[in-house]
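Subject: Structure handover

Hi,

Here is the structure I promised to pass on.

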Amino acid sequence: MGTETLSAREARRIALAAQGFADRRPTAPGRRHLLKTIERLGVIQIDSVNVVSRTHYLPAFSRLGAYPRPLLEEIAWGKRRTLVEYWAHEASLLPAATHRLLRWRMEDARQGVGIWRGVARFLGSHGEFIDQCLAEIAARGPMPASELSLGAKGAGSWWGWSEGKRALECLFWVGDLTTATRRGTFERVYGLPGEVLPEAARGEPPPREDAQRELIRIAARAQGIATERDLRDYFRMGVVETKARIAELVEAGDLTPASVKGWEQPAYLHPEARRPRKIAANALLSPFDNLIWFRERTERLFGTRVRLEIYTPAHKRVHGYYVLPFLQGEAITARVDLKAERKSGVLKVQAAHAEPDANAETPARLAAELRLMAGWLGLDRVEAAPKGDLSEALAAALT
């Protein structure tokens with residue numbers, strides 16, 4: 001099979017189209033649009049930070065606009081849900097059928113392979129306690145760790161979790177428990193898989209190699225054009241197994257080898273990847289959005305370094321605490337540090353910075369997207385603080 005050569009601009013457009021940014025937003029986005037978006041992405045990262053919105057709500061907003069937020073809650077944690085939770089990219093939501101493709105990872109956790117050594121060690125050293133936790137959930141039904149009658153409240157290792165919380169999380173990672181729903185302040189409610197998983201997630205899993213090939217196919221479709229490292233990162237797979245599965249998919253014609261000008265590593269093209277001549281998107285991107293979550297790929301595609309500064313001391317931050325890059329057309333043209341001040345009904349732009357590709361249209365386009373986000377979040381207005389080289393122009397556009 002020959003190698004296809006692409007320009008960097010062609011590769012960027014292919015990547016943006018694969019992620020849904022070549023499509024016009026629907027006038028009234030609903031359940032069908034949301035399901036299609038999640039199916040296209042293959043996985044959505046979960047994070048509890050709620051400065052603007054918890055991140056799992058944002059990828060669909062970036063692509064669809066102001067969809068009804070309760071729709072995501074319904075398909076993720078409702079009685080007739082079609083999504084499930086597991087450690088896929090990081091903590092993630094994914095289509096129910098994909099859960100079966102990750103059973104080999106659950107078995108790795110049970111056996112203590114690689115990063116899962118601590119899980120296996122805890123399970124092995126707390127056998128009677130683990131059995132008691134499972135028995136209590138079997139008897140009482142789904143419950144959060146806070147309602148478990150077992151386990152001392154601890155503040156030691158593992159994020160200060162109690163013994164009960166540690167036990168339930170370990171059982172979640174090995175697949176003996178799963179998320180039945182979420183409640184309150186995003187608290188996980190644990191249940192037995194056979195009782196709470198959607199039908200599509202049940203049944204015998206495919207063999208390990210078959211499951212890994214399918215995960216690579218999902219990653220390739222979601223990215224359009226990708227290096228081995230890009231494909232590996234999407235579902236956080238190992239180096240050896242990823243390289244082996246890619247070679248098998250190339251041999252089968254499910255991936256096309258490609259060379260992208262300016263990329264140091266070989267790439268792989270999904271056979272059905274769209275190749276638009278232009279992308280006309282306007283979108284605020286969560287720092288955990290699939291398009292930019294692998295920072296190496298982001299820099300390669302857009303020539304922009306995106307760094308999460310939540311854990312950086314305030315005086316050392318360059319762009320802010322919770323920063324959303326702004327995708328304008330085919331480029332990242334700005335970054336805004338946002339905070340939803342819910343009591344006052346304000347979406348506060350704490351800082352606004354321009355990127356090299358910013359142009360005269362950037363402030364107005366960014367302002368329009370910020371207003372859309374404010375309305376979607378139930379906020380009354382957008383206010384821009386005088387911080388950052390784009391703040392003055394953005395404030396003018398907002399008024």
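Predicted model: local features only at pLDDT ≥ 70, side-chain atom pairs only at ≥ 80, totals over all residues.

**Two helix pairs**

Let's begin with α14 and α15. Helix α14 covers residues 362-376 and helix α15 covers residues 391-398; their axes come within 8 Å and cross at roughly 60°. The two helices are therefore oblique to each other, and their crossing is right-handed. On the α14 side, the residues in contact are Pro 363, Ala 364, Leu 366, Ala 367, Leu 370 and Arg 371, and they meet Ala 393, Leu 394, Ala 397 and Leu 398 of α15. Sorted by class, that contact holds 9 nonpolar residues, no polar ones and 1 charged.

The other pair is α2 (residues 31-41) with α4 (residues 69-77), whose axes are 10 Å apart and which pack at an angle of about 60°. That angle makes α2 oblique to α4, and here the crossing is right-handed. From α2 the contact takes Arg 31, Leu 34, Leu 35 and Ile 38, while α4 supplies Leu 71, Leu 72, Glu 74 and Ile 75.

**More on α14**

I also checked the length of α14. Which residues of α14 are buried? They are Thr 362, Pro 363, Leu 366, Ala 367, Glu 369, Leu 370, Met 373, Ala 374 and Trp 376. After α14 comes Gly 378, with a positive phi near 80°.

Helix α8 (residues 163-173) is mostly covered, with 10 of its 11 residues buried. The buried set includes charged side chains, among them Lys 165, Arg 166 and Glu 169, and Leu 168, Cys 170, Leu 171, Phe 172 and Trp 173 are buried as well. What does the covering? The elements over the buried residues of α8 include the strands β3 (83-87), β6 (178-183) and β7 (187-191), along with the helices α5 (103-111), α6 (117-125) and α7 (127-140). Gly 175 follows α8 and has a positive phi, near 90°.

Helix α1 is largely enclosed by the rest of the structure, because 8 of its 11 residues are buried. Those buried in α1 are Ala 11, Arg 12, Arg 13, Ile 14, Ala 15, Leu 16, Ala 17 and Ala 18. Just after α1, Gly 20 has a positive phi of about 95°.

Most residues other than glycine have a negative phi. Two residues here go the other way. Phe 186 is not a glycine, yet its phi is positive at about 70°. Phe 186 sits in the loop between β6 and β7, and its relative accessible area of 12% means that it counts as buried. Arg 236 also has a positive phi, near 50°, and is found in the loop between α11 (228-234) and α12 (239-251). With a relative accessible area of 34%, Arg 236 is partly exposed.

Asp 230 belongs to helix α11. Is Asp 230 buried or exposed? Its relative accessible area is 1%, so Asp 230 is buried. Setting aside neighbours within four places in sequence, Asp 230 is in contact with Gln 223, Phe 294, Arg 297 and Arg 300. Tyr 268 is 38 residues away from Asp 230 along the chain, and their C-alpha atoms are separated by 9.8 Å.

Ser 7 lies in the loop between β1 (4-6) and α1 (8-18). At 25% relative accessibility, Ser 7 counts as partly exposed. Leaving out neighbours within four places in sequence, Ser 7 is in contact with Val 260 and Lys 261. Ser 7 and Arg 307 are 300 residues apart in sequence, and 26 Å apart in space from C-alpha to C-alpha.

Over to you!

Cheers

Key: Residues numbered from 1 in each chain as written. Heavy atoms only, no water. Axes fitted to C-alpha atoms, helices over the stretch in contact; angles between N-to-C directions. Helix = DSSP H or I, 4+ residues; strand = E, 2+ residues; numbered from the N terminus. Parallel < 35°, antiparallel > 145°, perpendicular 65-115°, else oblique. Left-handed = near helix turned anticlockwise from the far one by under 90°. Contact = heavy atoms within 4.5 Å. Buried < 20%, exposed > 50% of the residue type's maximum accessible area, 1.4 Å probe, protein only.
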